[in-house]
Amino acid sequence: MTNPGDFTEFMGHSWARLYRTAMLLTGNHARAEDLAQEALARTYAKWSGLRDFEAAGAYAYRTLVNASISQVRRRAWTAEISTANPPDKSAHEAPSSGVDL
């Protein structure tokens, strides 16, 4: 399956399925497109080692799901937690001596 024309055909057949799955996973049009494109890019990188369209489809689908999981983990790791009423002072601040310098 090293023929680039085969990949173009594969991409045409699998885009809708990958995009629909990505939309279900993310609920966001832009993120869904990014995930589908990432899955196809990774599939293309492994294209010469895949046996047939079924193997390529399974690989692309699994790659899409894995990329979605990684994206959720990254967002959870970097997400800020805002509070309605932030504290006035840090818990680590030294008490004020009352002397202004």
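Visitor: Leaving aside its neighbours within four places in sequence, which residues is Ser 68 in contact with?
Guide: In this predicted model, Ser 68 is in contact with Leu 25 and Leu 35, once the neighbours within four places in sequence are left aside.

Visitor: And where is the place of Ser 68, in terms of helices?
Guide: Ser 68 has its place in helix α3, which covers residues 53-78.

Visitor: Does Ser 68 count as buried or exposed?
Guide: Ser 68 counts as buried, because its relative accessibility is 5% and the cut-off for buried is under 20%.

Visitor: Stepping back a bit, how many helices and strands does the protein chain have?
Guide: The protein chain has three helices and zero strands, and from the N terminus on its elements run α-α-α.

Visitor: What share of the residues is buried, then?
Guide: Buried residues make up 25% of the 101 residues in the protein chain. As for the accessible surface, it comes to about 7,700 Å² for the protein chain, and 54% of that belongs to carbon and sulfur atoms.

Visitor: What about contacts between residues at least 6 apart in sequence, how many of those join residues at least 24 apart?
Guide: Among the contacts in the protein chain between residues at least 6 apart in sequence, 64% join residues at least 24 apart.

Visitor: Changing topic, how many aromatic pairs turn up in the whole structure?
Guide: A search of the whole structure finds seven aromatic pairs. One of them is formed by Phe 7 and Tyr 44, an edge-to-face pair at 4.9 Å centre to centre with 65° between the planes.

Visitor: Where do those two residues, Phe 7 and Tyr 44, lie in the chain?
Guide: Phe 7 is in helix α1 (residues 4-26) and Tyr 44 is in helix α2 (residues 29-45), so that the pair links distant parts of the chain, 37 residues apart. Phe 7 counts as buried at 8% relative accessibility, whereas Tyr 44, at 46%, counts as partly exposed.

Visitor: Why is the pair of Phe 7 and Trp 47 edge-to-face?
Guide: The ring centres of Phe 7 and Trp 47 are 5.1 Å apart and their planes stand at 85°, so the pair is edge-to-face; the cut-off for that label is an angle over 60 degrees. This pair also links distant parts of the chain, with Phe 7 in helix α1 and Trp 47 in the loop between α2 and α3, 40 residues apart.

Visitor: Is Trp 47 buried or exposed?
Guide: Trp 47 counts as buried, at 3% relative accessibility.

Visitor: Which residues do ring pairs link into a cluster?
Guide: Ring pairs link Phe 7, Phe 10, Tyr 44, Trp 47 and Phe 53 into a cluster.

Conventions
Residues numbered from 1 in each chain as written. Predicted model: local features only at pLDDT ≥ 70, side-chain atom pairs only at ≥ 80, totals over all residues. Heavy atoms only, no water. Helix = DSSP H or I, 4+ residues; strand = E, 2+ residues; numbered from the N terminus. Buried < 20%, exposed > 50% of the residue type's maximum accessible area, 1.4 Å probe, protein only. Contact = heavy atoms within 4.5 Å. Areas by Shrake-Rupley, 256 points an atom, 1.4 Å probe, with all protein chains shown as cover. Phe/Tyr/Trp six-rings, centres within 6.5 Å; stacked < 30°, edge-to-face > 60°.
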